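User: Could you walk me through how to read a few features of a protein model? I'm new to this, so please go one step at a time.

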Amino acid sequence: MNIAVSKIVPTASLATIPNGVTARPQVRIVIVGHVDHGKSTLVGRLLHETGSLPDGKLEMLQAVSARRGMPFEWSFLLDALQTERDQGITIDTTQIRFRTPSRDVVLIDAPGHAEFLRNMITGASQADGAILIIDALEGVRDQTRRHGYLLHLLGVKQVAVVVNKMDRVDYSAARFKEISDEISAHLIGLGVTPTAIVPISARDGDGVTERTANINWYSGPTVVEAIDGLTPARALDELALRLPVQAIYKFDDRRIVAGRVESGHIGTGDEIVIMPTGKVAKVKSVESWPQTPATTRQGAGRSVGITLDRELFLERGDVIAHVKAAPRDTRRLRARIFWLHDAPLKPGASVLVRLGTMETRATIVAIDKAVDPGELASVETSSIGRNHVGEIDISLAKPVAVDPYTDNPRTGRLVIEINGRIAGGGLVLSVDSGQRAIPIDIVPVESALRPEERSARYGHGGAVVWLTGLPGSGKSTLARALERKLFSHGGSPLLLDGDTLRAGLNGDLGFSPKDRAENIRRLAEMATHLARNGHIAIVAAVSPSSDDRAQARRIADDLFREVYVATPAEICESRDPKGHYAKARAGNLPSFTGIANDYQPPANAELTIDTSTRSVTEGADEIERLLANTGVLFGDLDDLAANI
């Protein structure tokens, strides 16, 4: 439902630009609150008191109420659907437009009932600010706190709080202060400082556009003044060009790339880059409607088609940008999401992620800061339950072009689906999570063989098995035994030993913290390349730094399996297979790990093996079992053994 503006405030309050056209800032505001706290009543009052109702609308509804023998309610202005009138709750997301003395306002009325939080996410997805409404008698409720979390989740930083129904508490200043203190503490704890907290009676009009005698103890802004105090978001036209590809059409001998300009602007002759592939071209023409080709630059919100000066392969989901302001291409994201699915979201879950017109399979690599927004004392958990929020690391099955939400709110949002249903959504917090960006003039060449072809031949998928532990713990011995075991089953394992690579590829590196980090990065890059091409890369490296191993895990994403060879230090030194401990004790190996206790054990390895209590064969069997249980090896181990 849209309620259009038919009356406006006097134009004397409008800013005028040189060509004589009046320009007023527009703010988009989402209004949220617990069911029955009075959102619809407040919106009806705002429409009336800003002169934004169509002529005769108020009188018509008053007459209808009289015919039905019921008192008129301001909320009737929004109850256009009979189902809403019958149920007494708002069930749709409604955009209402009105004008204040200095703003054009688009008010998004989001449902307050818990079952309609899914609609609320859609409603708040484009908001510059928010009005959070609270019933003065009921006070701050669990759903009020949840809405605060949701606004935080959606990146809404400007929140004006309205304490409604003050008439039900005799306009008590003490009750207002109590609620004000409680909601302020909650919002500030989320990193959101309220721009105003206003006491009102939406039914009687107190505090909506003027401070009445009933609230003469209050000296702050009215609701309308609080709205006027909100800062409009930076205009989408002022942001970098983002044109997600929706479809490609052929007309005559032309290939027209169609999509909507989400931000920035585009025109003939622009040098553009198609992400995530990094292909560069120039815009030959911009096709628009009703006039085509377009003679002026096309800005945010316009649906356009473009032709290019060269033949390039594009597909739905690609993002067109200007060469010097391209989005990042990545297979790894960190996002803050609001979860809607009945089943909790857990690490390892396989989901479908939508980013604009792009969709891709994805794996949840890690979950952090998962909390129940209805709890005052939130306890972090390792999964995200229904109507809960959390931060997640996502590994994508293919590269995508995306911006952090803070850079571009239009391309920094994502939706998660499970079995064709929207299961959650939220904001992209960061891109790459430690991955390197690929320059746009570098185009990686993929193998001629598909991963499934290699899997069919080898009987397994790709993986990085990362064995870490003290020198002498048995990493290389275990790695060699595992390599032989997998090969005997017809697999394709490859051993990447840390010392072996230091004798060749990494021979230019020393043992400073920086060189050690680079050594691990190169090992991880090589192992990941092998794993993405269907091999099982077995890395045996001390890799003493937890940060370096974390970087290796980020590079390999869901292919990574960490095995901590946790043999006690005294056992490792008693073995001393390479004589390194003796040399270190003599002062000849000052950077040797083990003597100075500079090894940082893994906290969350997929598998821990102590070779002082387990034989090499038992250790290799355990790693093989890990690979089978995590889906790398196909079939069970008995079947594999039968094929030897």
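Analyst: Let's start with a pair of helices in this predicted model. Helix H11 meets helix H12 through Arg-516, Ala-517, Ile-520, Arg-521, Ala-524, Glu-525, Thr-528 and Arg-532. On the H12 side, the partners are Asp-548, Gln-551, Ala-552, Ile-555 and Ala-556.

User: How are H11 and H12 oriented, roughly parallel or oblique to each other?

Analyst: Look at the angle between the axes. H11 (residues 513-532) and H12 (residues 546-556) pack at about 25°, and their axes are 9 Å apart. Angles under 35 degrees count as roughly parallel, so that is how H11 and H12 are described. The crossing of H11 past H12 is right-handed.

User: What about H9 and H15, at what angle do their axes cross?

Analyst: The axes of H9 and H15 cross at roughly 60° and come within 9 Å. H9 and H15 are therefore oblique to each other. H9 passes H15 in a right-handed crossing. From H9, the contact uses Thr-477, Leu-478, Ala-481, Leu-482, Lys-485 and Leu-486. H15 contributes Val-616, Gly-619, Ala-620, Asp-621, Ile-623, Glu-624 and Leu-627.

User: Let's stay with H9. How many residues does it have, and how far does it reach?

Analyst: H9 covers residues 475-488, which makes 14 residues. From first C-alpha to last, H9 reaches 20 Å, close to the 20 Å expected at 1.5 Å a residue.

User: Which residues of H9 are buried?

Analyst: They are Lys-475, Leu-478, Ala-479, Leu-482 and Leu-486. To see the pattern, look down the helix axis: the buried residues of H9 fall within an arc of 100°, so they line one face of the helix.

User: What should I know about phi and peptide bonds in general?

Analyst: Asn-419 isn't a glycine, yet its phi is positive, about 55°. Asn-419 is found in the loop between strand S20 (413-418) and strand S21 (421-431). Ser-543, also not a glycine, has a positive phi of about 40°, and its place is the loop between S24 and H12.

User: Is Asn-419 buried or exposed, and is Ser-543 buried or exposed?

Analyst: Asn-419 is exposed, with a relative accessible area of 79%. Ser-543 counts as buried, at 3% relative accessibility.

User: And which peptide bond is cis?

Analyst: The one from Met-275 to Pro-276 is cis, with omega near 15°. Pro-276 lies in the loop between strand S11 (271-275) and strand S12 (279-287).

User: One last proline, then. Where is Pro-194, and what does it touch?

Analyst: Pro-194 is in strand S7 (residues 194-199), and it is buried, with a relative accessible area of 17%. Leaving out residues up to four places away in sequence, Pro-194 touches Val-159, Val-161, Ser-184, Leu-187 and Ile-188. The C-alpha atoms of Pro-194 and Ile-183 are 8.9 Å apart, with the two residues eleven residues apart along the chain.

Key
Residues numbered from 1 in each chain as written. Predicted model: local features only at pLDDT ≥ 70, side-chain atom pairs only at ≥ 80, totals over all residues. Heavy atoms only, no water. Helix = DSSP H or I, 4+ residues; strand = E, 2+ residues; numbered from the N terminus. Expected span 1.5 Å × (residues − 1). Buried < 20%, exposed > 50% of the residue type's maximum accessible area, 1.4 Å probe, protein only. Arc of directions from axis to C-beta. Axes fitted to C-alpha atoms, helices over the stretch in contact; angles between N-to-C directions. Parallel < 35°, antiparallel > 145°, perpendicular 65-115°, else oblique. Left-handed = near helix turned anticlockwise from the far one by under 90°. Contact = heavy atoms within 4.5 Å.
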